[in-house]
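I opened my notebook today to look around a protein chain. Here is what I looked up, step by step.

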Amino acid sequence: MKKLSRVSVLGLSLLLGACSILPSAPKVDTYQLAPSNVSVQVRGLPLSLMVATPYANRYLSHQRLVVVQANHEVQAYAGVRWEDELPNVFRNRLIDDLRRAQAYRTVVNDKETVKTDRRLTTDILAYQVQMTEQQAMAVISVDANLFDNKNASVIASKRFSVNSSLDSTQLSDVMPTLGRLNDQINTQIIQWAVAQ
């Protein structure tokens, strides 16, 4: 029995020793979008609007910052992530911009169990650094659909796309550019959603 105990203690000490030499987790920097500069002058609608969490494919529906190479290979910046999954980041900023613009009487997200007059859904098609043979670009592309909840009908649908060339692929260039493009696309979506 004593022999077995010694073997167990020796095995445990070897296992703990092995754990101590494992490499530590790599450092990960977490980023938010830059503060919004959206300033939209619209005549607000006396309606309530629910903004759904956007659909995004697998490589966009997480926290990684995506890079699509010229050969269409999808990669991600190492050691960098968004503060939340990208669809949530996009939805939360759009809701905030809609509220600040007073575009609708009430704007809620899809986690709130309330009935609303309208529903806005979006599909994120691109939110990335796009490499070409000539240059690097920041690209955001979104399909938006506006629904009337009273009769379950589609009011309007539209694709919004914005892009900007990058001086470099350094985060100091990429993050401010994505923030500006997000402001542009939200401005377009707000103006369109109020005009319907």
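These entries go from the whole chain down to single residues.

**Entry 1: the model.** I noted at the start that this is a predicted model.

**Entry 2: the layout.** I looked up the secondary structure and found three helices and nine strands. Reading from the N terminus, I wrote down the order α-β-β-β-β-β-α-β-β-β-β-α.

**Entry 3: the whole chain.** How much of the chain is buried? I found that buried residues make up 41% of the 196 residues. For the accessible surface I got about 11600 Å², with 51% of it belonging to carbon and sulfur atoms. I also checked contacts with a separation of 6 or more, and 70% of them join residues 24 or more positions apart.

**Entry 4: the core.** The largest nonpolar core has 50 residues. Which members touch the most others? I listed Leu-65, Trp-82, Tyr-104, Leu-120 and Tyr-127. Helix α3, residues 171–195, gives the most to this core, with 11 residues.

**Entry 5: Leu-65.** I then picked Leu-65 and left out residues up to four places away in sequence. Its contacts include Gln-75, Ala-76, Tyr-77, Val-80 and Trp-82, and also Leu-171, Val-174, Met-175 and Leu-178.

**Entry 6: Asn-88.** I found Asn-88 in helix α2, residues 86–101. Is Asn-88 buried or exposed? Its relative accessible area is 16%, and buried means under 20%, so Asn-88 counts as buried. The side chain of Asn-88 makes a polar contact with the side chain of Asp-84, at 3.4 Å. Last, I looked up Tyr-55: Asn-88 and Tyr-55 are 33 residues apart in sequence, and 10.0 Å apart in space, C-alpha to C-alpha.

Methods:
Residues are numbered from 1 along each chain as its sequence is written. This is a predicted model: local features need pLDDT of at least 70, side-chain atom pairs count only at pLDDT 80 or more; totals for chains, interfaces and linings use all residues. Side-chain values use heavy atoms; hydrogens and water are left out. Helices (H or I, at least four residues) and strands (E, at least two) are DSSP runs, numbered from the N terminus. Buried means under 20% relative accessible area, exposed over 50%, partly exposed in between (1.4 Å probe, protein chains only). Contact means heavy atoms within 4.5 Å. Accessible areas come from the Shrake-Rupley method with a 1.4 Å probe; for residues, only the protein chains shown count as cover. A nonpolar core is a set of buried Ala, Val, Leu, Ile, Met, Phe, Trp, Tyr and Cys residues joined through side-chain atoms within 4.5 Å. A polar contact is a pair of N or O atoms within 3.5 Å; within protein, one must be able to donate a hydrogen and the other to accept it, and residues adjacent in sequence count only if both atoms are side-chain atoms.
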